[in-house]
Amino acid sequence: MRVLTWNVWWRFGPWQERRKAVLTVLRDLEPDIVGLQEVWADPGENLAEWLAGELGMHWVWAPSDRPGRWRERLGDPAADIGLAVLSRWPVAAHEAVRLPAPRDLDDGRMALYALVDAPAHRVPFFTAHLTSARHASAVRREQVAAVAGLVAARRGRTGFPPVVTGDFNARPDSDEIRLLGGRGTPPAVPGQVLLDAWDHADPREPSATRDIAGSRAAEGPGDRVDYIRVGPPGPGGAGRVLSVRRAGDAPVDGVWPSDHAAVVADLAAREPGGGR
């Protein structure tokens, strides 16, 4: 089973050309489940719906309830922003949760749950987008706790472990990220451990996922802030990480798809011998 997370940079830059590049990357990768952040919509079209239609996938979408600050940056009063999940298989249930933030930083960050009706096991899949302010580690810790609480409430009794994806706007060694894995600090939900799929990456491969084009060089080198986290494998190794890598990290016909790279991981779908 191939899962992918990607911040698709809302409607910044040449977005009409970029959406075609995003589609090209997704079509080439053939993911089974995708978590998308900074998905745009307007009264005429929703990016997630368009991608799903082109790829023959199911989709669910969670719009931000506070798009005003985003709209001000573009000068577009009609554009919405949110999260989406695309799935090769039907989505049996879904739920969006608002993430906590103080008023001065609140731009409507969300987490989205989708229960994917995959052939071998139902997959509890989550995607989230945490606040980006560099000084806001304490806020992100509260947001991680909210995401972890959603996972605990919705992971269900399936044999497949929860898959948590998203742009967390924090480095792997940060306090907020350590709350997910219980490494160096107790996990946000006692007993709930979400392992970093990137632990299985080739150490020779580049790992930064933000500012891959170097357009913000004055801010320093790019960071790894986009994650696929997976619970411990289920019966027969279901959900075990087989491989992980960056994707969407080069121009497509001269157009950068996003300012973030995607992260794509292959997970064991079922007991050994059962296929991808």
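Which residues of α1 are buried? The points below take up this question and others on the predicted model.

1. Buried residues of α1. The buried residues of this helix are Trp 15, Arg 18, Arg 19, Ala 21, Val 22, Leu 23, Val 25, Leu 26 and Leu 29. An α-helix has 3.6 residues a turn, so residues three or four places apart point the same way. The cover over the buried residues of α1 includes the strands β1, β2 (33–42), β3 (45–46), β5 (80–87) and β12 (241–247), together with the helix α2 (47–55).

2. Dimensions and end of α1. The helix has 15 residues, and from its first C-alpha to its last it reaches 21 Å, close to the 21 Å expected at 1.5 Å a residue. Just after α1, Glu 30 adopts a positive phi of about 55°.

3. Aromatic pairs. The structure holds six aromatic pairs. One of them joins Trp 9 and Phe 12, whose ring centres are 6.3 Å apart with 40° between the planes, a tilted arrangement. Trp 9 is partly exposed because its relative accessible area is 23%, whereas Phe 12, at 13%, is buried. The rings of Trp 10 and Trp 70 have their centres 5.9 Å apart and their planes at 75°, so this pair is edge-to-face. Trp 10 lies in the loop between β1 (2–7) and α1 (15–29), while Trp 70 belongs to helix α3 (residues 68–74); the pair therefore ties together parts that are 60 residues apart in sequence. Both Trp 10 and Trp 70 are buried. Trp 9, Trp 10, Phe 12 and Trp 70 form one aromatic cluster.

4. Arg 11 and two tryptophan rings. Over which rings does Arg 11 lie? Arg 11 lies over the face of Trp 15, at 3.9 Å from the ring centre. Arg 11 also lies over the face of Trp 40, in this case at 4.9 Å from the ring centre. Trp 15 is itself among the buried residues of α1.

5. The six-stranded sheet. An open sheet of six strands runs in the order β6-β7-β8-β9-β11-β10, with mixed pairing. Strands β6 (91–98) and β10 (195–196) stand at the edges with a single partner strand each, so one side of each is left without a neighbour in the sheet. Within the sheet, β8 and β9 (residues 163–167) pair in the parallel sense over five bridges. The bridge partner of Phe 126 in β9 is Val 164.

6. Thr 127. This residue is placed in strand β8 (residues 122–129). Is Thr 127 buried or exposed? Thr 127 is buried, because its relative accessible area is 1%. Its side chain makes polar contacts with the side chain of Gln 37 at 2.9 Å and with that of Thr 165 at 3.0 Å. Residues up to four places away in sequence aside, Thr 127 touches Gln 37 and Thr 165, and its other contacts include Thr 5, Gly 35, Leu 83, Val 85, Met 110 and Gly 166. The C-alpha atoms of Thr 127 and Pro 14 are separated by 25 Å, the two residues being 113 residues apart along the chain.

7. Gln 143. This residue is found in helix α4 (residues 137–154). Gln 143 counts as buried because its relative accessibility is 0%. Leaving out residues up to four places away in sequence, Gln 143 touches Leu 99, Pro 100, Ala 101, Arg 109, Leu 130 and Thr 131.

Terms used
Residues numbered from 1 in each chain as written. Predicted model: local features only at pLDDT ≥ 70, side-chain atom pairs only at ≥ 80, totals over all residues. Heavy atoms only, no water. Phe/Tyr/Trp six-rings, centres within 6.5 Å; stacked < 30°, edge-to-face > 60°. Buried < 20%, exposed > 50% of the residue type's maximum accessible area, 1.4 Å probe, protein only. Helix = DSSP H or I, 4+ residues; strand = E, 2+ residues; numbered from the N terminus. Lys NZ or Arg CZ within 6 Å of the ring centre and 35° of its normal. Expected span 1.5 Å × (residues − 1). Contact = heavy atoms within 4.5 Å. Polar contact = N/O pair within 3.5 Å; in protein donor to acceptor, adjacent residues only side chain to side chain. Pairing = 2+ DSSP bridges.
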